[in-house]
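Look at the structure below and keep it in view while reading.

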Amino acid sequence: MNKDILLCGVGGQGIVLVSKLLAASAMAAGETVHSAETIGMAQRGGSVTSHVRIGGSYSPLIPSGCASLMLAFEPGEAVRNLPLLRKDGTVIVSNTAVMPVTASLSGGSYQAEPMLEFLTKRVKKVITADPGELCAELGSVRYFNVVMLGIALAAGATGLPEEIVRESVKMRVPEKFREINAKALTIGEEYYKSIAAK
Amino acid sequence: MGNGAIALGALSAGVGLIAGYPGTPSSEIIETAAKWNDGSVHIEWSVNEKAALEVAAAASYSGMRSLVTMKQVGLNVASDPLMSLAYVGVEGGLVVVSADDPGPISSQTEQDTRRFAEFARIPVFDPATPEEAFQMIQDAFAVSEKYHTPVLFRPTTRVCHGYAAVEIPEQFSPKPAPGFKKDTARWVIFPRSSYLNHVRIETRNPELGREFSDYRYNTVEGAQNAEKAILTGGVSYAYLKEVIKGTDVKLIRVGTPFPMPENFLLKALAGVKELLCVEELSPYLEESVQKLAGIHHLPLTIRGKRTGDVPHAGENSADSLRPIVAAFVGSNFDGGKAPDLSDAPALPVRPPVLCAGCPHRASFYAVKVAMKGKKANFCGDIGCYTLGNAMPLDMVDTCLCMGAGVTMAQGLHWANPDSVNFAFIGDSTFFASGMTGVVNALYNNAKMVLVLLDNSTTAMTGHQPNPGTGKTMMGDIVAKIDPVKILEGMGVSKIRVVNPLDLKAAVEAVRDCAETDGVTAVIFRSPCIAGVKPGKPAEIAENCIQCKKCIREIGCPGLVIRDGKVAVDESLCNGCGLCAQVCPTGAIRV
């Protein structure tokens with residue numbers, strides 16, 4: 001198996017956890033993994049990326065045009081990282097813009113729609129997800145990261161077996177958050193099934 | 001994680017003591033080791049890197065295998081004991097991990113630990129992957145013990161934060177330590193013994209270089225009779241493996257940059273006419289091979305950073321190396337091509353900022369309000385609060401290195417006596433290297449205001465405990481060391497402890513300290529927002545006049561403009577209430 005998965009978004013959206021879950025699951029599935037994350041100062045509200053390379057690669061950074069899947073937690077960040085996506089790659093993207101302080105300060109507000117339109121125009125398979133809607137039942141959008149993982153899993157975009165990823169979620173999150181994260185994963189999976197059925 | 005691999009490698013090597021100071025990208029080494037520790041290994045966050053190395057040195061004198069961890073700039077702090085320890089030597093294996101940060105991604109400098117090894121004349125290992133790091137750190141302990149020398153271990157960010165699967169033993173057990181044997185001729189550094197040690201080190205290093213010539217991580221791949229070769233080390237080796245696919249270039253990788261494995265290199269370079277050196281940070285391998293070529297009169301053209309073929313600054317990647325390798329030997333690298341995105345909508349600029357609800361924002365804002373219209377300078381320091389420099393706060397005029405703000409405020413005072421000079425420092429940085437600066441101010445009669453941003457944790461690097469937290473790395477509950485008592489003991493004339501989220505009280509405390517002569521201190525005490533349960537988000541009432549003062553003044557990411565109106569991003573807002581205190585019409589409610 002050879003899957004290059006790019007995760008991108010804004011610091012604080014729980015991207016590092018999802019990349020750890022993907023890496024742990026792939027290792028549990030017997031694959032070699034190389035991965036790189038944004039940690040430290042750069043992660044405070046800035047643009048962040050995590051590269052997860054499953055199988056065949058030597059290095060931790062995905063070269064241009066190689067990512068088979070992009071999990072984008074913010075529409076503008078999806079566009080920013082599009083150069084890394086493979087021609088036939090899949091994008092799973094949050095439909096909600098995170099406003100940078102720079103935009104608010106200049107009195108402007110940048111919009112998600114033009115970003116999403118551009119993605120749809122340029123990428124064959126785009127799945128959009130609404131954090132507010134999908135996390136309503138969970139009580140907080142903080143669990144949207146695991147919902148996104150569930151969507152990717154059901155879409156078959158990670159190449160990883162469901163039960164291994166589910167087990168990783170159980171092993172890797174603190175006990176008191178286990179149940180809610182398991183639920184978040186299910187919500188993501190069901191969301192994909194519902195849109196795939198349409 | 002690569003840092004996990006380093007920790008598990010050290011535990012597999014029978015380490016008995018681990019000490020370090022947090023710093024990206026090295027922090028998770030100690031955290032992983034602590035997680036696997038059954039109690040038989042002493043693991044600590046030391047107060048700074050110098051302390052960590054000295055603690056470990058003495059454990060090593062006692063025959064205990066010891067590991068020290070830090071980031072590259074931390075090695076500057078630990079350089080005093082390191083340089084002397086290189087002379088005195090060790091008994092139990094002692095390895096100093098100093099993680100370099102090409103980019104830099106989360107650091108002040110792009111310095112190169114391999115240079116430090118050459119400077120201190122001690123061996124250094126340079127892993128290319130987490131798998132290698134796991135094996136190499138065990139080799140590093142063996143070399144340290146065999147040659148009685150401290151050994152440097154230099155991973156870089158992409159190795160530290162990379163992932164790989166490693167096989168670990170079922171159980172870790174520290175190598176038995178025989179205990180400290182007194183031997184003043186050996187353990188007490190003196191000019192006479194240092195002369196002898198200097199001779200010993202320079203006799204030993206060529207011997208080590210010969211041993212490294214047979215080391216398994218000094219490798220040659222590709223056509224043996226190729227006239228073109230690439231010399232590399234560290235993570236660049238992994239990128240090159242991908243980029244050179246399909247070419248017949250020879251790839252020479254050095255895993256032990258000091259002492260240079262000269263015999264290995266001479267053999268690898270036989271028949272090579274043109275050599276491209278590809279490495280991050282300084283042109284260390286490039287200059288080493290230049291020396292070697294000079295000494296041995298090798299008919300070799302050497303390309304690299306010096307010739308402008310490879311950039312001096314920033315990190316490498318398969319993308320950045322592809323054109324460089326293609327220009328040298330042609331490349332069949334089949335990595336895809338980036339699409340043309342020139343028609344993409346304008347992307348927002350997104351620099352890192354203080355979190356929504358971060359008490360540091362309130363602290364900076366209080367000082368800004370208190371000093372409005374007055375001449376004042378603001379010295380910053382290393383931590384999340386360096387981000388106080390961003391607009392609209394714009395409250396960091398200087399930032400140099402750990403603890404420097406405290407002493408630089410004094411220099412500013414002597415050169416600008418008509419200004420009030422502030423030093424902002426976090427609690428962990430204060431313990432690490434801020435306290436001596438305060439003593440310096442008191443002793444030399446400087447006037448300054450110390451602003452201690454006390455959130456009782458080391459937030460930037462991932463919430464490690466520190467002496468003010470009341471907890472150690474292994475979770476033991478210990479007495480909190482109170483910065484207020486430290487400052488009182490030193491003789492600071494006025495100390496005000498205040499919650500920065502109470503804006504009125506905070507501004508008053510700052511004014512009081514700024515107007516008092518001598519050394520004064522404001523202690524802003526409020527926990528890191530990332531460590532507390534978020535409160536209810538703020539609400540904006542109908543009487544908001546859309547003046548946008550809240551956004552303009554404090555620049556909180558929790559406040560946004562939605563459909564032309566000020567709005568609260570409920571997924572970010574913690575309800576800290578600072579904006580409510582800024583609002584002129586009382587329209588923001590928490």
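In this predicted model, the side chains of Arg154(B) and Asp100(B) meet in a salt bridge, with N and O 3.0 Å apart. A salt bridge here is a side-chain nitrogen of Lys or Arg within 4 Å of a carboxyl oxygen of Asp or Glu. Side chains of opposite charge can pair when their charged atoms come close. Arg154(B) lies in the loop between β6 (151-153) and α8 (157-160) of chain B, and Asp100(B) in the loop between β4 (94-99) and α6 (113-120) of chain B, so the pair ties together parts that are 54 residues apart in sequence. The helices (H or I, at least four residues) and strands (E, at least two) are DSSP runs, numbered from the N terminus.

Why does Arg154(B) count as buried? Its relative accessibility is 4%, and buried means under 20% relative accessible area, with exposed over 50% and partly exposed in between (1.4 Å probe, protein chains only). Asp100(B) is buried as well, because its relative accessible area is 0%.

Two sentences on conventions belong here. Residues are numbered from 1 along each chain as its sequence is written, and chains are lettered from A and ligands numbered from 1 in the order in which they are written. Since the model is predicted, local features need pLDDT of at least 70 and side-chain atom pairs count only at pLDDT 80 or more, while totals for chains, interfaces and linings use all residues; side-chain values use heavy atoms, with hydrogens and water left out.

The loop between β6 and α8 of chain B also holds Thr156(B). Thr156(B) counts as buried because its relative accessibility is 3%. Leaving aside residues up to four places away in sequence, Thr156(B) touches Asp100(B), Pro102(B), Val235(B) and Glu280(B), where contact means heavy atoms within 4.5 Å.

Another salt bridge in chain B joins the side chains of Glu145(B) and Lys175(B), at 2.6 Å from N to O. Glu145(B) lies in helix α7 (residues 130-147) of chain B and Lys175(B) in the loop between α8 and α9 (184-187) of chain B, so this pair ties together parts that are 30 residues apart in sequence.

Next come the aromatic rings. Over all chains, the structure holds 14 aromatic pairs. Rings of Phe, Tyr and Trp (its six-membered ring) pair if their centres lie within 6.5 Å; planes under 30 degrees apart count as stacked, over 60 as edge-to-face and the rest as tilted. The rings of Phe180(B) and Trp187(B) have their centres 6.4 Å apart and their planes at 35°, so this pair is tilted. Phe180(B) is partly exposed at 45% relative accessible area, while Trp187(B) is buried at 12%. Phe212(B) and Tyr215(B) form a tilted pair too, with 6.2 Å between centres and 50° between planes. Both Phe212(B) and Tyr215(B) are buried.

A search of the whole structure finds 38 salt bridges over all chains. One of them joins the side chains of Glu74(A) and Arg350(B), at 3.2 Å from N to O. This pair crosses between chains, from Glu74(A) in the loop between β4 (67-72) and α2 (75-80) of chain A to Arg350(B) in the loop between α14 and α15 (359-370) of chain B. Glu74(A) and Arg350(B) are both buried. Arg350(B) forms a salt bridge with Glu77(A) as well, the closest N and O atoms being 2.7 Å apart. Between chain B and chain A the count is four salt bridges.

How many residues does each chain bring to the contact? Chain B gives 61 residues and chain A gives 53 residues. The two chains bury about 4,700 Å² between them, 63% of it on carbon and sulfur atoms. Buried area is the accessible area (1.4 Å probe) that two parts lose on being put together, summed over both. Tyr163(B), Arg350(B) and Ile561(B) supply 18% of the area that chain B buries against chain A, more than any other three residues.
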